[in-house]
Amino acid sequence: MIDTHTHIYMEEYDEDRDTVVNNALQNKVSHVVLPNVDADSIDRLHRCHNRYPDFTSTAMGLHPTSVDGNYETHLAAVKNDLFSGNHVAVGEIGLDLYWDKTFARQQEIVLTTQLNWALELDLPVILHVRKAYAETFKILSKFNNRGLRGVFHCFGGGVEEVKKAVSLGFFIGIGGVLTYKNSTLPSVIENVKLENILLETDAPFLSPVPYRGKRNEPAYLANVAPVLSSIFNVDDEIVDKITTENARTLFHI
């Protein structure tokens, strides 16, 4: 399996990062993608990748919740690293209007800028969208038929949104939320195919049952994949095979 979205470079793993990587490998997670957050996380991201070059790939972007009045400084640092590095995607980028709408306009500027970079570099994008699906689709509509591709990470929309995302050629990132008792995600993703889905953890966040409330890690994909198997009524091996092929297709890893 490939964890297409994990932040094991964060300080939450400073005490046991080697153990976390070994746990992943022992649970059939062979590779992970590390999306950046902002200018302050770039060094950590690279140190992690340099330590585990065969296990990790990197994505470079400016996260929407890091967009503030000083966004141009962060964006310049991200651009410099993106255009000089060997990244597999532009990310994590997007719109987040859940906590604060103060910089909503700036978030749209930053997202549009980074989508253009993705086209310029012929890279996929990793989209973070929270309480902003309509706004995101409006921006994406300006890029129709231009070859934009990517994944809606940690998908939290409904049936209409998942169908729209897939129709635009995007993958759907699925993680621990799928295992939650009251999650509507199972009934939503029934409307797409396994060929449209990527596995992810978003570690250290959103741990699956039975680890909910604790620090997440890539090994816990082993708790997500069986739920996906039951939804699509296929063996676990099929989920592993197809989602891994999807990840390799999108990120060229």
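Visitor: Why is Tyr-211 called partly exposed?

Guide: In this predicted model, Tyr-211 has a relative accessible area of 27%. Buried means under 20% and exposed means over 50%, with partly exposed in between; therefore Tyr-211 is partly exposed.

Visitor: Why does Tyr-220 count as buried?

Guide: The relative accessibility of Tyr-220 is 14%. The cut-off for buried is under 20%, so Tyr-220 counts as buried.

Visitor: What makes the pair of Tyr-211 and Tyr-220 stacked?

Guide: Two values are needed, because a pair of aromatic rings is described by the distance of the centres and the angle of the planes. The ring centres of Tyr-211 and Tyr-220 are 3.8 Å apart, and their planes stand at 0 degrees. Rings pair if their centres lie within 6.5 Å, and planes under 30 degrees apart count as stacked; therefore this pair is stacked.

Visitor: How many aromatic pairs does the structure hold?

Guide: There are 9 aromatic pairs. One of them joins Tyr-133 and Phe-152, with 6.1 Å from centre to centre and 15 degrees between the planes. Since stacked requires under 30 degrees, this pair is stacked. Tyr-133 lies in helix α5 and Phe-152 in strand β6, 19 residues apart, and the pair thus links distant parts of the chain. Both residues, Tyr-133 and Phe-152, are buried.

Visitor: Which residues form one aromatic cluster?

Guide: The cluster consists of Tyr-133, Phe-137, Phe-152, Phe-155 and Phe-170.

Visitor: What sits over the ring of Tyr-98?

Guide: The charged end of Arg-130 does, 3.6 Å from the ring centre. Likewise, the charged end of Lys-79 sits over the ring of Phe-83, 5.7 Å from its centre.

Note on methods. Residues numbered from 1 in each chain as written. Predicted model: local features only at pLDDT ≥ 70, side-chain atom pairs only at ≥ 80, totals over all residues. Heavy atoms only, no water. Phe/Tyr/Trp six-rings, centres within 6.5 Å; stacked < 30°, edge-to-face > 60°. Helix = DSSP H or I, 4+ residues; strand = E, 2+ residues; numbered from the N terminus. Buried < 20%, exposed > 50% of the residue type's maximum accessible area, 1.4 Å probe, protein only. Lys NZ or Arg CZ within 6 Å of the ring centre and 35° of its normal.
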